[in-house]
Amino acid sequence: MSLEHLWAGWRGEYVASSGAAPPDAGRSEEGSPPGDDPAHCVFCRIAASGPPSAENGVVWAGATAYVVLNAYPYASGHVMVVPRRHVGALGGLTDEEGAELWSALRRSVDALESALHPEGFNLGANLGQAAGAGIPRHLHLHSVPRWLGDTNFMTAVAGARVLPETLAATWQRVHEAWPG
Ligand SMILES: [Zn+2]
């Protein structure tokens, strides 16, 4: 899997653990961008879904940010670091929100390292629809653990990736490994 493929793949991200339909179902690039309305925003719904659990996929929740497993990960342990508030632009974050987001991203690396022992990480964000953001109106950062040759154990079958463990098992490991 190339980095290019990984970033392009983020276009199709969505979070099944919240029971949400894919925001870009049908892959329509026309019309208003998905996630425009906070009432219909998957990240806002997750923010309101209560404390971290295997059901909502949230591995850690803070005052202004949370970290949730991507239900359609590009590698085991692919998480998203998300401000609680419906903010689309980096510049829209308060200093406090920005600081907690960065801190959560750093701690996601620590937690994933100790839970899954990856050999590397891809960290990043797609800002805006033109950059491929699946949910452009609600900022989120990706933290993706990588292994040398990880295309070998993640076999793509008919467009679906087969991952070495279930999301619930990954949730348990990452939640327990989250640095206090
Ligand atoms: Zn939102």
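## A zinc site and its surroundings

Leaving aside residues up to four places away in sequence, His175 touches Pro52 and Val59, where a contact means heavy atoms within 4.5 Å. His175 and Val59 are 116 residues apart along the chain, yet their C-alpha atoms are separated by 4.7 Å. You'll find His175 in helix α5, residues 167-177. At 30% relative accessibility, His175 counts as partly exposed.

A quick word on what you're looking at. This is a predicted model, in which local features need pLDDT of at least 70 and side-chain atom pairs count only at pLDDT 80 or more, while totals for chains, interfaces and linings use all residues. Residues are numbered from 1 along each chain as its sequence is written, and side-chain values use heavy atoms, with hydrogens and water left out.

### The overall picture

The protein has 5 helices and 7 strands. Here helices (H or I, at least four residues) and strands (E, at least two) are DSSP runs, numbered from the N terminus. Starting at that end, the order of elements is α-α-β-β-β-α-β-β-α-β-β-α.

Of the 180 residues in the protein, 47% are buried. Buried stands for under 20% relative accessible area, exposed for over 50%, and partly exposed for anything in between (1.4 Å probe, protein chains only). The accessible surface comes to about 8500 Å², and 56% of it belongs to carbon and sulfur atoms; such areas come from the Shrake-Rupley method with a 1.4 Å probe, and for residues only the protein chains shown count as cover. Take the contacts between residues at least 6 apart in sequence: 66% of them join residues at least 24 apart.

### The zinc site

Now for the metal. Cys41 (SG), Cys44 (SG), His86 (ND1) and His138 (ND1) coordinate the zinc ion, at 2.0 to 2.3 Å. Donors are N, O and S atoms within 2.8 Å of the metal (3.2 Å for Na, K and Ca); water is not among the atoms, so sites may look incomplete. The angles among the 4 donor atoms run from 102 to 117 degrees, making the site tetrahedral, a label that four donors get if all angles lie between 85 and 135 degrees. For comparison, the ideal angle for four tetrahedral donors is 109.5 degrees.

Along the sequence, the donor residues follow the spacing C-x2-C-x41-H-x51-H. Cys44 sits in helix α2 (residues 42-47) and His86 in the loop between β3 (79-83) and α3 (95-116), so this pair ties together parts that are 42 residues apart in sequence.

| Residue | Relative accessible area | Class |
|---|---|---|
| Cys41 | 0% | buried |
| Cys44 | 16% | buried |
| His86 | 22% | partly exposed |

As for disulfides, meaning pairs of cysteine sulfur atoms within 2.5 Å, the count comes to 0.

### A hairpin and its loop

Strands β1 (residues 58-61) and β2 (residues 65-69) pair in the antiparallel sense over 3 bridges; pairing requires DSSP to find at least two bridges between the strands. Ala61 stands opposite Tyr66 in β2, and a hairpin of 3 residues joins β1 to β2.

Gly62 lies in the loop between these two strands, β1 and β2, and counts as buried at 15% relative accessibility. Residues up to four places away in sequence aside, Gly62 touches Arg84 and Glu100. Gly62 and Arg84 are 22 residues apart along the chain, with their C-alpha atoms separated by 8.8 Å.

Definitions and conventions:
Tetrahedral: all angles 85-135°; square planar, octahedral: opposite > 155°, others 65-115°.
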